[in-house]
Amino acid sequence: MQTATTKRIEIIDSLRGFALAGIVICHMVENYIGAGAPASFYEAVSPGTIDQIINGFIGIFLRGKFIALFSFLFGLSFFIQMDNSARKGVPFGGRFLWRLLVLLLIGYAHSLFYRGDILTIYAMLGILLIPFYKLQTNWVLLISALLFLGLGRYITFFFAGGGHLFLDVDPMDMNAPRVLAYYETLKNGSLWEVFATNAWEGHLDKMNFQYGSFGRGYFTFAFFLVGLIVGRNGFFARFREERKLTKKVLIGSIVLFLVSLGITAGAFMSLGPEAQLDNWIAMVGLSGMDMANVAITMLYITLFAILYRNTRPERWLRTFAPYGRMALTNYVLQSVVGTFLLYGWGLAYIGELRNLYTFLIAILFILIQMAVSKLWLKHFYYGPFEWLWRSLTFLKVFPFRKKALPIDKV
């Protein structure tokens, strides 16, 4: 998302594409439900050992980690835009605020199709990023660390006492009436019925998840701040030389992962086989899970940088760059196609395809989008939504289609 006069850093685009690939795998295997699902759904999509292995693999290595990586890159892009503008002597805070409003509108339209939309959350949390741009790095680090450790969750739990802030839904009850009603709408409802339930109730349900016991919103903002710090450090501009820093982060991430596993296991084992999320020990266990996600996400970032330094892995990883440059367009399109495939208003395969099949469909869709993105960017400067977002941000029409070279210059 750099300015037109600034050369893009390819590894950032590649990393964004890599993150997007992980996100679509999670969403497709979850059948784009974006909320709780009845027990019968999980039984239907996991009939065999391979399906359970795929679900376990996604739970350990993908779920929560790739959206965290996406959040990290959002914070990094925020810094790049603010810094590029500051270097020109042009304040960007107000423009960025307007940019977030445009993103909010795009995200709201997207959320009508898919309740789990993250763009609206980014737009709202992004407002809080603006005052952090000039805050000293030590303070930014401290606040991000406190959020990772669960401060936001603990404050919410202290005041709400395990209650729900927006909708009275028990996240542990897979057969709650509201869960069953929503699943029925997805399975048999029309497109307009899906839009109607997602238009307002969907956002309340999402806010429960973001700022309730699971506290995903606090986690997201913490990664915004880490992205800001890494942008300030200039790591990706010189990642090939930052070998010592990469090694330190890699080792630190492994240690954090092992410690967080111990915290998570200790907390939930002490609660017994039927653990409930209505006590402080459970809050500590959830924070341990978050720290494990932090560790794995940081491992992905450092391993990606290490591999990108080597010629053969770089050739493969850089194929994600066009996919990442069109991340907004690809993210929205994934949801529209995915919900058409699965929801009742489309082909109605929700709960009908085992995990193995939805996993393979996701891989195929990623490959198609990567190929289309590469081809598209040969003829256009931006993806459709990237161009729209940029043009509305600056209130001017940017060039879209690349001019063909004269025959004598080809």
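1. Helix H1 covers residues 10-29 of this predicted model. H1 has 20 residues, and the distance from its first C-alpha to its last is 29 Å, close to the 28 Å expected at 1.5 Å a residue. Of those 20 residues, 19 are buried, so H1 is largely enclosed by the rest of the structure. Just after H1, Asn31 takes a positive phi of about 60°.

2. The surface carries a nonpolar patch formed by Trp139, Leu142, Leu146, Leu149, Leu151, Ile155, Phe158, Phe159 and Trp280. Together these residues have about 970 Å² of accessible area. Helix H7 (137-148) and helix H8 (151-160) each supply at least two residues of the patch, and the largest share, four residues, comes from H8. Leu151, a member of the patch, is placed in H8. Its relative accessibility is 36%, so Leu151 counts as partly exposed.

3. Aromatic rings form 42 pairs in the model. One of them joins Phe41 and Tyr42 in an edge-to-face arrangement, with 5.2 Å from centre to centre and 75° between the planes. The two partners may be compared by their accessibility. Phe41 counts as buried because its relative accessibility is 4%, whereas Tyr42, at 39%, counts as partly exposed.

4. The pair of Phe70 and Tyr331 is tilted, because the ring centres are 6.4 Å apart and the planes stand at 40°. This pair links distant parts of the chain: Phe70 belongs to helix H4 (residues 65-87) and Tyr331 to helix H17 (residues 327-342), 261 residues apart. Phe70 counts as buried at 10% relative accessibility, and Tyr331 is buried with a relative accessible area of 1%.

5. Ring pairs also build a cluster, which contains Phe18, Phe66, Phe239, Tyr300, Phe304, Tyr308, Trp316 and Phe320.

6. Charged side chains meet aromatic rings as well. The charged end of Arg115 sits over the ring of Tyr182, 3.6 Å from its centre. The charged end of Arg390 sits over the ring of Phe398, 4.5 Å from its centre.

7. The structure holds 14 salt bridges. In one of them, Arg354 is joined to Asp51, and the closest N and O atoms are 2.7 Å apart. The two residues come from distant parts of the chain, 303 residues apart: Arg354 is in the loop between H17 and helix H18 (355-379), and Asp51 is in helix H3 (residues 49-62). Arg354 is partly exposed, with a relative accessible area of 24%, while Asp51 is buried, with a value of 0%.

8. Which residue meets Asp290 in a salt bridge of 2.9 Å, N to O? The partner is Arg153. Asp290 lies in helix H14 (residues 280-308) and Arg153 in helix H8, so this pair ties together parts that are 137 residues apart in sequence. Both Asp290 and Arg153 are buried.

9. The side chain of Asp290 also meets that of Arg216 in a salt bridge, at 3.7 Å from N to O. Because Asp290 lies in H14 and Arg216 in helix H12 (residues 216-233), the pair ties together parts that are 74 residues apart in sequence. Arg216 is buried, as is Asp290. Elsewhere, salt bridges that share partners join Arg8, Asp13 and Arg16 into one network.

Key
Residues numbered from 1 in each chain as written. Predicted model: local features only at pLDDT ≥ 70, side-chain atom pairs only at ≥ 80, totals over all residues. Heavy atoms only, no water. Expected span 1.5 Å × (residues − 1). Buried < 20%, exposed > 50% of the residue type's maximum accessible area, 1.4 Å probe, protein only. Patch = residues over 30% accessible without salt bridge, like charges linked within 9 Å, V, L, I, M, F, W, Y side chains within 5 Å. Areas by Shrake-Rupley, 256 points an atom, 1.4 Å probe, with all protein chains shown as cover. Salt bridge = Lys/Arg side-chain N within 4 Å of Asp/Glu carboxyl O. Phe/Tyr/Trp six-rings, centres within 6.5 Å; stacked < 30°, edge-to-face > 60°. Lys NZ or Arg CZ within 6 Å of the ring centre and 35° of its normal.
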